[in-house]
Amino acid sequence: MDFIEFNKKAQSKKRENQLFYKKLNNRPLKNLDQIIHQEHEKVFEQINCLTCANCCKTTSPIFYQGDIERAAKATKMRSGAFIDKYLKIDEDNDYVLKQSPCSFLNQDNYCVIYKDRPKACRDYPHTNRKKMQQILSLTYQNTLVCPAVLEITERIKKKLGVQ
């Protein structure tokens, strides 16, 4: 994965994609989920997240209580100690990682706590969830982090005749 090229492309498309998602938000499509899900499937047939892991390197998931308990158990820690060592409270009053890249990301882009990872990690990049209309601003933000979301967005724009 060439992150320099990805970042250049993401930045060059930033305003265009922001306007695209704003327009979609203001004028909802009845079949938006279907359109996005179809492109999600096609893109993820070609992209392997282990070659990238940019999400793990640059952002932090929210850790809910269940996530904290699972991750703490996986690391053989008590929840309080896990929080003290790895988490902080952000401006939205959510638990997030103290640092990036993620402390649980190995050199080979594998997650040390993969089977016990937070729900936000399990669901990322959220382009296959129901009611996409509700998370269009998040989807836009993810075009700046995830090459797959940027590609999905480009394909959707092309499909809808927006270029």
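Predicted model: local features only at pLDDT ≥ 70, side-chain atom pairs only at ≥ 80, totals over all residues.
Colleague: Okay, what pattern does the protein chain follow along the sequence?
Modeller: Helices here are DSSP runs of H or I with at least four residues, strands are runs of E with at least two, and both are numbered from the N terminus. By that count the protein chain has 9 helices and 2 strands. Read along the sequence, the pattern is α-α-α-α-α-α-β-β-α-α-α.

Colleague: What is the radius of gyration of the protein chain?
Modeller: That radius is taken over C-alpha atoms, and the globule rule to hold it against is 2.2 Å times the number of residues to the power 0.38. For 163 residues the rule gives 15 Å, and the chain comes close to that, so it is as compact as a globular protein of that length; its radius of gyration is 17 Å.

Colleague: How much of the protein chain counts as buried?
Modeller: Buried means under 20% relative accessible area, exposed means over 50%, and partly exposed is in between (1.4 Å probe, protein chains only). Of the 163 residues, the share that counts as buried is 36%.

Colleague: What share of the contacts with a separation of 6 or more comes from residues 24 or more positions apart?
Modeller: A contact means heavy atoms within 4.5 Å. Among contacts in the protein chain with a separation of 6 or more, residues 24 or more positions apart account for 69%.

Colleague: Let's look at helix H5. Why do its buried residues line one face?
Modeller: The buried residues of H5 (residues 65-74) are Asp 67, Ile 68, Ala 71 and Ala 72. Seen down the helix axis, they line one face because they fall within an arc (directions from the axis to the C-beta atoms) of 125 degrees.

Colleague: And what covers those buried residues of H5?
Modeller: The cover comes from both helices and strands. It includes helix H6 (79-86), strand S1 (87-89), strand S2 (95-97) and helix H7 (119-123).

Colleague: Which residue just after H5 takes a positive phi?
Modeller: The phi there is about 55 degrees. The residue is Lys 76.

Colleague: On to H6: which residues are exposed on the other side from its buried ones?
Modeller: The buried residues of H6 are Phe 82, Ile 83 and Tyr 86. They cover an arc of only 100 degrees around the axis, which puts them on the same side of H6. These buried residues pack against H5, S1 and S2. On the other side of H6, the exposed residues are Asp 84 and Lys 85.

Colleague: Where is Pro 101 found?
Modeller: The peptide bond from Ser 100 to Pro 101 is cis, with omega near 0 degrees. Pro 101 is found in the loop between S2 and H7.

Colleague: What about the peptide bond from Tyr 124 to Pro 125: what is its omega?
Modeller: Pro 125 is found in the loop between H7 and helix H8 (136-142). The bond from Tyr 124 is cis, with omega near 10 degrees.

Colleague: Which residues is Asn 54 in contact with, leaving aside its neighbours within four places in sequence?
Modeller: Asn 54 is found in helix H4 (residues 54-58) and is buried, with a relative accessible area of 9%. Leaving those neighbours aside, its contacts are Phe 3, Phe 6, Thr 59 and Val 145.

Colleague: Last one: how far apart in space are Val 162 and Phe 20?
Modeller: Val 162 sits in the segment after helix H9 (147-159) and is partly exposed, with a relative accessible area of 29%. Val 162 and Phe 20 are 142 residues apart in sequence, but C-alpha to C-alpha their distance is 8.1 Å.

Conventions: Residues numbered from 1 in each chain as written. Heavy atoms only, no water.
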